Each structure stands twice: as C-alpha cells, then as structure tokens.
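Visitor: Could you walk me through this model one question at a time? I'd like the cut-offs spelled out as we go.

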Amino acid sequence: MLSLKFYSRKLRNSYDVAYQTAQVLRKIVAHKKWNTAGDLMDVVKTVGQKMTSAQPTEATVGNIVRRVLKIIREEYTGDSGSKSEEGDAEESLHKLLLAQKGSEDFSRPSHNLRMTVIDSVNELITEIESSAYNISSQALEHIHSNEIIMTVGKSNTVQGFLKNAGRKRKFSVIVAEGAPFFKGHELAKSLAEDGIETTVINDSAVFAIMSRVNKVIIGAHAVMADGGLRAVNGTLPVALAAKHHSVPLLVCSAMYKLTPQYVVSYDQDSHNKFLSPHAIVRFSEGDILAKVHVQNPVFDYVPPDLVNLFISNIGGNAPSYVYRLLTDVYHPNDTDLYSN
C-alpha cells in the first residue's frame, strides 16, 4: 500500500511529501483491519517508520505521522467523553505531565472511531492544501511599498508570498542565486514575469548589499524544535549578514514543516543530504584533485537567534514560541516514532 514515490524519491518538495503522506495514512485508516485505537496507532506507527526510513532527511513525513497519531488520540478521548473542550483549554501542567507518562488506555473498542479519524485526516489534508494560500494572504501585513526585500534560492511559499504582495505593493526584490543549484534564477524570472522589480546577485555579494535591504524573507525545509531552520544551502550566510546589519529575517513555513527534532552538533550529517560535487568541481579535474574530498550539502542549519519571525498558515510567531506550537500539534508520546 505504500507509495513507490517514497522509495524512488520522486517527491520534489515538502508539500508533495506532506500531501502524499497524509493520503497514504488516510488509506491505512480506511482499509486496514483494526479494532481499537491502540491497534490503529500501532499500524500508523509501523507505516510511519517505513516511510521515514525511505526518506530519512524528510522531517515532513514524520510530522504528518505524528499529526495523525494525535488525531487518533483526540478522537478516541473525545468519543469516550473523557475530556471536554473547556477542560482542554484549561489543562494544567500536572495533567500534561500525566499525559507524558502514557496513562491513557487505548485498548477499549470505539465504534465511530474510523469515520471520525478519516474526517479529521481529511481536514488535515485540506489544511496542507491551503497552507500556501493562508501564508501568502498575510503578505500585505509584512511587505510595504518601496521596500527592498532579499531572499535566497527558490521557495514556492516565498514566491507566492511575494507575488501576492506585488498585486498591491510596489517593491524591489534581490535574489541571491543560491549556488551551486542556482534556483534563484528561476525565482527571479517568475517574479519578473509578474511585474515585480527583481535583481539577481552572486552569493558572495550578499553582505555588501545587505545594508540596503529592509527585510529578508526566506523559506525553510524544516523548522526544528528549538526554532532553528533546516534551509537550502546558502541561507546561513544570508541570515548572518542580516543579523550583522540588524535586518529582520522572516521565515515563511507551513505548520507541517514544524518538527520536534533537533539538530545536534555531533550528528549534523544525519540531518543533511549530499549531492554530486560535479556542479562545484568537474569530474574532468579529477586527476588534479585526486586527494581532495569535496562535499556538496543540500541544507544549512540556521540557529533560532538569527530568526525574527515565523509566518505560518496560522499566523506569525517568534522562534521562542515554537515549543508551544509543538504541544498544540503533536503529543509528547509520539516524539520518537520508534519507541514502544
């Protein structure tokens, strides 16, 4: 039942990964045989482990699995009438600690659970589909006339954000080309076609230009639990330059990219992926560079102290608020998908 796209890695961006993961899990809920909420959670966890193993650097897969696991928990407890909506709003620290200890019993059968979970997963899919629109609809609150905006590479979310602002505001965009992938050229072309004044610069010119910039707006591949970012290679130098010149850094990122994972100093390679270095050093130069080991990482890690604001489909939040968002969308017992 698992989509071969997860194994062939044909999913090109986080939106496709999130959407396809939610579709697979909806089929699991609808067609797999299970009797209790505990059985269903075990099935979802097993499938989630297979999908995360197929795409180890795609945090979005695990995020959607955790969202579905929390949906199952909430629909089960709601069906059994053990919690009220008012009680959820006033939940104390003591109750949260008890929840972390796994005191809930999911072994009792629930007759309406299948349909209610499917309905909630359908709402999750709708949220994923509308995330880009909800983010772009906030553009006019953050971009004003005659501003100079800088971005790096190409993010579909940032592209929609800038284009939506460009319908009513006149501003300029400076795009760092994002070598060695040069996706910045694609973004610049797309913005220029919509009548937005756009300039492409070399990555090496970012620091020199930053003093003239009003805002930096970037996308992210994943938002980590500490408020840091896993973003496209070249984002860290832009963020450091923005910090040096006191230019605010805004991150456009949907909620499905928010992950309870951390990037730790001794294990950064497992949170990154590497491509062929041919774009940096040609294979024809192999004789000259026979003793040189060249790495071509796809992502940078941007620490939370370099970020000023996250703009998600539910609004804007500071990096220090990420921990609260995590408790809203994930259950603490689901942080490690490989635990029993």
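Guide: One term before anything else: buried means under 20% relative accessible area, exposed means over 50%, and partly exposed is in between (1.4 Å probe, protein chains only). This is a predicted model, in which local features need pLDDT of at least 70 and side-chain atom pairs count only at pLDDT 80 or more, while totals for chains, interfaces and linings use all residues. Residues are numbered from 1 along each chain as its sequence is written, and side-chain values use heavy atoms, with hydrogens and water left out.

Visitor: Is S131 buried or exposed?
Guide: S131 lies in helix α7; helices (H or I, at least four residues) and strands (E, at least two) are DSSP runs, numbered from the N terminus. Leaving aside neighbours within four places in sequence, S131 is in contact (heavy atoms within 4.5 Å) with A254, Y256 and N313. Its relative accessible area is 2%, so S131 counts as buried.

Visitor: What share of the 340 residues in the chain is buried?
Guide: The chain's secondary structure comes to 13 helices and 10 strands. Among contacts between residues at least 6 apart in sequence, 80% join residues at least 24 apart. As for buried residues, their share of the chain is 47%.

Visitor: Which residues of the largest nonpolar core touch the most other members?
Guide: A nonpolar core is a set of buried Ala, Val, Leu, Ile, Met, Phe, Trp, Tyr and Cys residues joined through side-chain atoms within 4.5 Å. In soluble globular proteins, nonpolar side chains tend to be buried together. Here the largest core has 53 residues, and the ones touching the most other members are I64, L162 and I217.

Visitor: From which domains does this core draw at least three residues each?
Guide: Start with the elements: among those supplying at least two residues each are α2 (14–31), α7 (113–136), α9 (156–166) and β7 (249–252). The domain bounds come from an automatic or database domain assignment. With those bounds, the core draws at least three residues from each of domain 1 (1–80 + 111–128) and domain 2 (135–332).

Visitor: Which residues does I217 touch, not counting those up to four places away in sequence?
Guide: I217 is one of the core members that touch the most others. Setting aside residues up to four places away in sequence, its partners are I143, I149, M150, T151, V158, F161, L162, L250 and C252.

Visitor: How do α2 and α7 run relative to each other, roughly parallel or roughly antiparallel?
Guide: Their axes come within 10 Å and cross at roughly 170 degrees. Axes are lines fitted to C-alpha atoms, for helices over the stretch in contact, and angles run from 0 to 180 degrees between N-to-C directions. Angles under 35 degrees count as roughly parallel, over 145 as roughly antiparallel, 65 to 115 as roughly perpendicular and the rest as oblique. That's why α2 and α7 count as roughly antiparallel.

Visitor: What is omega for the cis peptide bond that joins A179 and P180?
Guide: P180 lies in the loop between β2 (172–176) and α10 (184–193). F182 is in the loop between β2 and α10 too, with a positive phi near 55 degrees although F182 isn't glycine. For the cis bond joining A179 and P180, omega is about 5 degrees.

Visitor: What is the relative accessible area of V247?
Guide: V247 lies in the loop between α12 (235–244) and β7, and S246 is found in that loop too. S246 is exposed at 64%. V247, in contrast, touches residues including M210, V216, A242 and N308, leaving aside neighbours within four places in sequence. V247 is buried, with a relative accessible area of 8%.

Visitor: What distance separates the C-alpha atoms of P109 and G38?
Guide: P109 is in the loop between α6 (93–100) and α7, and counts as exposed at 62% relative accessibility. Leaving aside neighbours within four places in sequence, P109 is in contact with N35 and T36. P109 and G38 are 71 residues apart along the chain, and their C-alpha atoms are separated by 9.2 Å.
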